Amino acid sequence: MIISASDATIRQLQVLREVLRNGSERQAARALRISQPAVSQNVKQLEAAIGLTLFKRETNRLVPTDAAWELLQSIDLAFAGFDQIGKSIAFLKSSDTRVVSIAAPAVFSLKLIPEAVRRIRELNRSYSIKLRTGSYQEIGDYILRGTADIGISRLPLDERIFEWRPVGSAVNVCLFPKAHRFAKKDVITPEDLVGEALIDIDPQFASHQMNVNAMRYMGIHPDIAVEYDAHGHDAGFVAAGVGVSITNEILAKEYSDFNVDCRRFEPGASYHYVVFWQKDRSLSAGLSIVVEQLTSAFLRAESFSHSSI
């Protein structure tokens, strides 16, 4: 099938997609189960069809151009639609079960998503949930590629390719063991962290800026006991009395079964969480139920008190 406004074919676009995903023509050939010369031929034909250079060839190595990466975004959007058609066909063949894929940070599998899934299953026991976890970037990629139906993330998101429903906002809080001296305070500041061991998130996250950088600005060397790279890994260490951490209200709500407490931390940042999906996707009745129950789970969590988890 030839794409309108060019002589490119769907097969050529599929080949390009696999080359970029796999990093080489050889690996793409293996993924597509065709020969490497066939992959090379499709790439060259695509370049000729669209009049763009997609790769620079350097010592037997393909280096993608900016045009190739930009084209991949459109290809991914198109193939995500094809993937959804495949899911629909599978559902029509076996209507007794409907698999819905949710992409979210792993921390939300502690309380929020299980609560939503329980209610979804109460409404219709034929629904099965597939959970994909990862960073916010990976979650966006899951939705973009069509490997997940619904995602949980926080703003900003690209409004050109995603639609979303706001589900909650949060500010930073300091997480500490129950009966800790911080329980007597209303607000925790960087000065209060002096002498405390820290359970600190990777420097790429905003929470790191709220504590470690603030202490260094004051000329104080922070005592970092544990550094972690994904939300949710701090609660166990805090509950065990290893140290305190800085997170946000919405994430802290997931820790209500741990032996921890929290107070607002200032200066802090604001975070806006959303349930989102591909732009212009028409949500089926089943997916709408999933969105509604995830949203309701966030709203029920709003009863969380700022003075305690």
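This is a predicted model: local features need pLDDT of at least 70, side-chain atom pairs count only at pLDDT 80 or more; totals for chains, interfaces and linings use all residues.
Helix α3 takes in residues 36-50, so to speak a run of 15 residues. From its first C-alpha to its last, α3 reaches 22 Å, close to the 21 Å expected at 1.5 Å a residue. Buried in this helix are V39, S40, N42, V43, L46 and E47. They cover an arc of only 165° around the axis, so they end up on the same side of α3. What do the buried residues of α3 pack against? Their partners are α1 (10-22), α2 (25-32) and β1 (55-58). Turn to the face pointing away from the buried side, and the exposed residues P37, K44 and A48 show up. Just past the end of α3 comes G51, with a positive phi of about 70°.

Now for the rings. The model has five aromatic pairs. One of them joins F176 and F182, edge-to-face, with 5.8 Å centre to centre and 90° between the planes. F176 counts as buried because its relative accessibility is 0%, and F182, at 0% as well, is buried too. Y255 and F258 also pair up: their ring centres are 6.1 Å apart and their planes sit at 80°, which is over 60 degrees and therefore makes the pair edge-to-face. Is each of these two buried or partly exposed? Y255 is buried, at 0% relative accessibility, whereas F258 is partly exposed, at 31%.

Elsewhere, ring pairs tie F108, Y273 and F298 into a cluster. A charge gets involved with a ring as well: the charged end of R132 sits over the ring of Y142, 5.6 Å from its centre.

Note on methods. Residues are numbered from 1 along each chain as its sequence is written. Side-chain values use heavy atoms; hydrogens and water are left out. Rings of Phe, Tyr and Trp (its six-membered ring) pair if their centres lie within 6.5 Å; planes under 30 degrees apart count as stacked, over 60 as edge-to-face and the rest as tilted. Buried means under 20% relative accessible area, exposed over 50%, partly exposed in between (1.4 Å probe, protein chains only). A charge sits over a ring if NZ of Lys or CZ of Arg is within 6 Å of the ring centre and within 35 degrees of the ring normal. Helices (H or I, at least four residues) and strands (E, at least two) are DSSP runs, numbered from the N terminus. The expected span of a helix is 1.5 Å times one less than its number of residues. The arc is that of the directions from the helix axis to the C-beta atoms. Contact means heavy atoms within 4.5 Å.
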